[in-house]
Amino acid sequence: MLSRVVLSAAATAAPCLKNAAALGPGVLQATRAFHTGQPRLAPLPPLPEYGGKVRLGLIPEEFFQFLYPKTGVTGPYVLGTGLSLYFLSKEIYVITPETFSTISVVGLIVYVIKKYGASFGEFIDKLNEEKIAQLEEVKQSSMKQIQDAIDMEKAQQALVQKRHYLFDVQRNNIALALEVTYRERLHKAYKEVKNRLDYHISVQNMMRRKEEEHMIDWVEKHVVKSISVQQEKETIAKCIEDLKLLAKKAQAQP
Amino acid sequence: LAAAVLLKDTKLMDVKLGQLGSWLAMRDFTPGGIMGAMRRGYDRYYNKYINVRKGGLGGISMLLAGYMVLSYMWSYSHI
């Protein structure tokens, strides 16, 4: 990032470098191609099962094949016999006391190898196989781990495609919440307005009732005031006479 | 037409007897070349006889036999 800043600063400082600024770090890497060579030894070829064949433990098989066209099967053996006789007769190989100890040691070694060679080889091979199996297991577990990581990554990438469900749900929730709030506020406004109107109505009712009662009281008071004492006596006497009449009628009826 | 192989690139078994001297002269005798040749020889022997699954006796016995012959030759100067 700093290199980009430096490049742009250099471009502004010297206009001749403006073309150089166009070749940013990204372009340089885009033009150079990596990994163009053929991969060698990949995957690694497996170890050969057996080594080159060796006859008598000393002479490679290739020598016998080399002499076969010219001398047949017995050629190398005859050559070996002739060479050893030549060395002995010309005293290139001197017979010393060492020779006899060498012969006995070599004989002993050959006997031991012939007797225990196979079992020893199997034992060593088993050790080797265990080592190889261990390493193979490590490799397999590492490969499995990486494969699991790849699968999880793919699954998560697939999940990303389903993100829109989440957003739809969230959008729906928000729409519902907005709707609910709107209705709540509408209801509250309605209640408040009704409250105010009810108040006015009840005030009117109360005023009317009060007026009615007041009027009735006023009328009663005046009527009572207007009944003079004389009128009251006459009215009471008339009521008593009416009652006497009614009593007579009631007595006469049953 | 098969392209003629340069003498420099032929293997030892393909060199004709008369060309042997010139072939030897063309080999790389710089220290780096000698080290490279020794490295190649060692790698060939190692990968053929020792770096195998079921190596046999021949791998080390040939080395020991070669060591015996070499030490015999060096210790007796009458040859």
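This is a predicted model: local features need pLDDT of at least 70, side-chain atom pairs count only at pLDDT 80 or more; totals for chains, interfaces and linings use all residues.
Local features required pLDDT of at least 70 and side-chain atom pairs counted only at pLDDT 80 or more, while totals for chains, interfaces and linings used all residues. Residues are numbered from 1 along each chain as its sequence is written, chains are lettered from A in the order in which they are written, and side-chain values use heavy atoms, without hydrogens and water.

Ten salt bridges were counted over all chains, a salt bridge being a side-chain nitrogen of Lys or Arg within 4 Å of a carboxyl oxygen of Asp or Glu. In chain A, Lys144(A) pairs with Asp148(A) at an N to O distance of 3.4 Å. Both belong to helix H6 (residues 97–161), four residues apart, or about one helical turn; helices are DSSP runs (H or I, at least four residues) numbered from the N terminus. Lys144(A) is exposed at 53% relative accessibility, whereas Asp148(A) is partly exposed at 40% (buried, under 20%; exposed, over 50%; partly exposed, in between; 1.4 Å probe, protein chains only).

In helix H7 of chain A, Asp198(A) and Lys194(A) lie four residues apart and form a salt bridge of 3.5 Å, N to O. Asp198(A) is partly exposed at 36%, as is Lys194(A) at 39%.

In chain B, the salt bridge between Asp43(B) and Arg39(B) has its closest N and O atoms 3.5 Å apart. These residues are placed in helix H2 (residues 31–50), about one turn of the helix apart. Relative accessibility is 30% for Asp43(B) and 48% for Arg39(B), and each counts as partly exposed.

Technical notes
Helices (H or I, at least four residues) and strands (E, at least two) are DSSP runs, numbered from the N terminus.
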